[in-house]
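Please keep the model open in your viewer and follow the selections below in the order in which they come.

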Amino acid sequence: MKFGAGSRLATFLADANRRVVARTGVAPAQEPVYQNIFDRDIQALGLTNDFYAVGAAANYSLLYVLLRAVRHFSFQQIVELGGGQSTLLLNQIVQAKLSSANVLTIESDRRWRDLLQSKVSHEVRLIELSQQQYDGFSFSGYDLSATKLPTAIDLFIIDGPAGGTKINALSRFGALQIIPSLNRDGFLIVVDDAERSGENALCEAIEKKIREMGIDFQTGIVKAAKQQRLFAAGKFLPAAFY
């Protein structure tokens, strides 16, 4: 598959961007707002604020969404694609007994996986990338076919593997394999980096798949240095208005 400007992939991504143009973009000026809320809540909960929300790591709007959601809802099963600052946050929350959720983080980089596993108590599962297909496009994503995944997932965080370039723009489409394992009675999906063309296209595919499952849901957007798209159903519907 060629990735040049005239390729079918480039057209696919451009069309996805045009369809969601009103929803795309970031708002960097909002980053301090979410940082202040996050810092306030971390202090109120007595957690250690040793997070580095910079560079390619989770930004403050993502940390805000996750902390607010886990604080206000009783999640039972959390699956996270791509580990980092959010993994450390979830670990602190569970260790402080602020949530009884079972957490599974999936990571493809062995050294990064080993480092994260040394810092958290829940499983950080190493799953390598494999060539996969979506609508005739090839991409390298998590090889989830050979691993047993939890069922009735009620918080699903999509922040990996690495994406954002023409070569790996569709890398997170492997997340679609997990959608059927969501808790049909209610769930929250958080898609990070949703300002990017590949993640825009992924959000469209997620929305289509949820509709095919016959589940009522709401979508929401949080914008700061990065953008998060939220899909909420059942008792988690209020999260769509974060």
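Begin by selecting Phe 73 and Phe 236, both of which are buried in this predicted model. Their rings make an edge-to-face aromatic pair, with 5.2 Å from centre to centre and 80° between the planes. Phe 73 sits in the loop between α3 (60-72) and β1 (77-81), while Phe 236 belongs to the segment after β9 (227-234), so this pair ties together parts of the chain that are 163 residues apart in sequence.

Next, display the strands in the order β3-β2-β1-β6-β7-β9-β8, in which 7 strands form an open sheet with mixed pairing. At the edges stand β3 (123-126) and β8 (218-223), each with a single partner strand, so one side of each has no neighbour in the sheet. Within the sheet, select β7 (residues 186-191), which runs antiparallel to β9 and is joined to that strand by 6 bridges; Val 190 can be found opposite Leu 230 in β9.

Finally, turn to helix α4 (residues 85-95), which packs on the sheet and touches β1, β2 (102-107) and β6 (155-158), its direction making about 160° with that of β1. Helix α5 (residues 110-117) also packs on the sheet, touching β2 and β3, and its direction makes about 170° with that of β3.

How values were computed: Residues numbered from 1 in each chain as written. Predicted model: local features only at pLDDT ≥ 70, side-chain atom pairs only at ≥ 80, totals over all residues. Heavy atoms only, no water. Phe/Tyr/Trp six-rings, centres within 6.5 Å; stacked < 30°, edge-to-face > 60°. Helix = DSSP H or I, 4+ residues; strand = E, 2+ residues; numbered from the N terminus. Buried < 20%, exposed > 50% of the residue type's maximum accessible area, 1.4 Å probe, protein only. Pairing = 2+ DSSP bridges. Contact = heavy atoms within 4.5 Å. Axes fitted to C-alpha atoms, helices over the stretch in contact; angles between N-to-C directions.
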